[in-house]
Amino acid sequence: MNPIPDDWALATTHIASEYVCHQFSTLVSGQPNILPPLELDFVMLMGCSKLASTLAATYRNPVTINFNIARYADALQMMENGTKPDREENLLSLYPPDHQILLNWPAVVCNKFGVIILWYLPGAIDIDIQNDMVVATANMLALLAASVTCGAETGGKWRTHESNFEPSQHGLTLGCFNLSPAWFLQAHLAPKFHPQVSATLKWDGRSLCQAMQRLAVLIAATLRVMHPDLYWASLATQLALGLWAADKTLDEMGACLREWASVFTAVAIVCNWHSPLHRDPLSHPQWFDVMTSIGNYGAAQMKMLNIWIEIVYGPGAMAVGSGRILRHGVDMGAG
């Protein structure tokens, strides 16, 4: 039984996620394939089937490193963002990786206790769903252009500073912004303040949510396999937000939640970004963040220097791990 109301986009997300999860299990165990759900259209079904196969191939390829994730998490300070070189050198001396690895094949990176630190899925996103998102960026040009900051870098503005964006060979508008149907504004935390629809969704929330639905479904299905506890907690959070919005007669938030297909409450859209090495201080060691890459561009690499892992981050790739633990950055190819 689907716990999500039928008029929510998240209902289709859950159907697809359950299908990917069961298909993944059958592929790993060598059992016959299961029948696909009739609720999914052809493009979505092909995308889910490809994802399940990639997940199974990834799970069969463990790579073990000598890294104590629990002790490393305890050593991190509150709101540590990974941008201070001296501090990072000190952490590296305390928790040195044993060898450097370049990954260009599907793999899970585990510590010596078998705890998965990173899932790396090259080519996991079907080309038709990548094209969905490329087309969707056409509706985001104004938001992307308005997000880029100039002048001296201050505070957390490095994420949107013009120095971190590469010119596009395909005429794409550069930028980086967040979308959320319900989040706390900066410096407006609970319990004094309540969640609000992000300003970026107030512009044309319904169209933006719909444009991203297929990719959001694949990301959710990935989380259903990799971190089921977080997946179910996320579903419960979305439903609770919907009930709260209805109780408070927050019609705009309720409308956005009904069209929001992601199990995450916030999504970052980045176009042609060079990402300096950093951590996500608002994440938690136990959580997984899903990073995806789409489009048409040359060689790109994601570096995670605190575990000495480097991955080929080409179109359709997914990298999943704790943004709080993994100090990561991207060198983008031309595109």
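Biologist: Hi! Let's start with His 22: buried, exposed or partly exposed?
Modeller: At 41% relative accessibility, His 22 counts as partly exposed. Buried means under 20% relative accessible area, exposed over 50%, and partly exposed is in between, using a 1.4 Å probe and protein chains only.

Biologist: Before we go on, what kind of model is this?
Modeller: This is a predicted model, where local features need pLDDT of at least 70, side-chain atom pairs count only at pLDDT 80 or more, and totals for chains, interfaces and linings use all residues. Residues are numbered from 1 along each chain as its sequence is written, and side-chain values use heavy atoms, with hydrogens and water left out.

Biologist: Thanks. Which element holds His 22?
Modeller: His 22 sits in helix α1. Helices (H or I, at least four residues) and strands (E, at least two) are DSSP runs, numbered from the N terminus.

Biologist: And how far is His 22 from Asn 33?
Modeller: Their C-alpha atoms are separated by 8.8 Å, and the two residues are 11 apart along the chain.

Biologist: What about Thr 26, buried or exposed?
Modeller: Thr 26 is also in helix α1, but at 10% relative accessibility it counts as buried. Leaving aside neighbours within four places in sequence, Thr 26 is in contact (heavy atoms within 4.5 Å) with Gln 31, Pro 32, Asn 33 and Ile 34.

Biologist: How does the length of α1 compare with what it should span?
Modeller: It agrees: the 21 residues of α1 (residues 9–29) should span 30 Å at 1.5 Å a residue, and the end C-alpha atoms are 31 Å apart. The expected span is 1.5 Å times one less than the number of residues.

Biologist: What comes just after α1?
Modeller: Gly 30, which takes a positive phi of about 80°.

Biologist: Which residues other than glycine have a positive phi?
Modeller: Among them are Met 79, with phi near 65°, and Trp 308, with phi near 60°. Most residues other than glycine have a negative phi.

Biologist: Where are those two?
Modeller: Met 79 is in the loop between α3 (69–75) and α4, while Trp 308 is in the loop between β9 (301–304) and β10 (309–312). Met 79 is partly exposed, with a relative accessible area of 48%. Trp 308 is partly exposed as well, at 32%.

Biologist: What does Met 140 touch?
Modeller: Not counting residues up to four places away in sequence, Met 140 touches Met 133, Phe 177, Leu 208, Met 212 and Ile 269.

Biologist: At what angle does α8 pack against α9?
Modeller: α8 (residues 213–226) and α9 (residues 228–247) pack at about 130°, with their axes 5 Å apart. Axes are lines fitted to C-alpha atoms, for helices over the stretch in contact, and angles run from 0 to 180 degrees between N-to-C directions. The two helices are therefore oblique to each other: angles under 35 degrees count as roughly parallel, over 145 as roughly antiparallel, 65 to 115 as roughly perpendicular and the rest as oblique.

Biologist: Which residues make that contact?
Modeller: From α8, Ala 220, Leu 223, Arg 224, Val 225 and Met 226; from α9, Pro 228, Leu 230, Tyr 231, Trp 232 and Ser 234.
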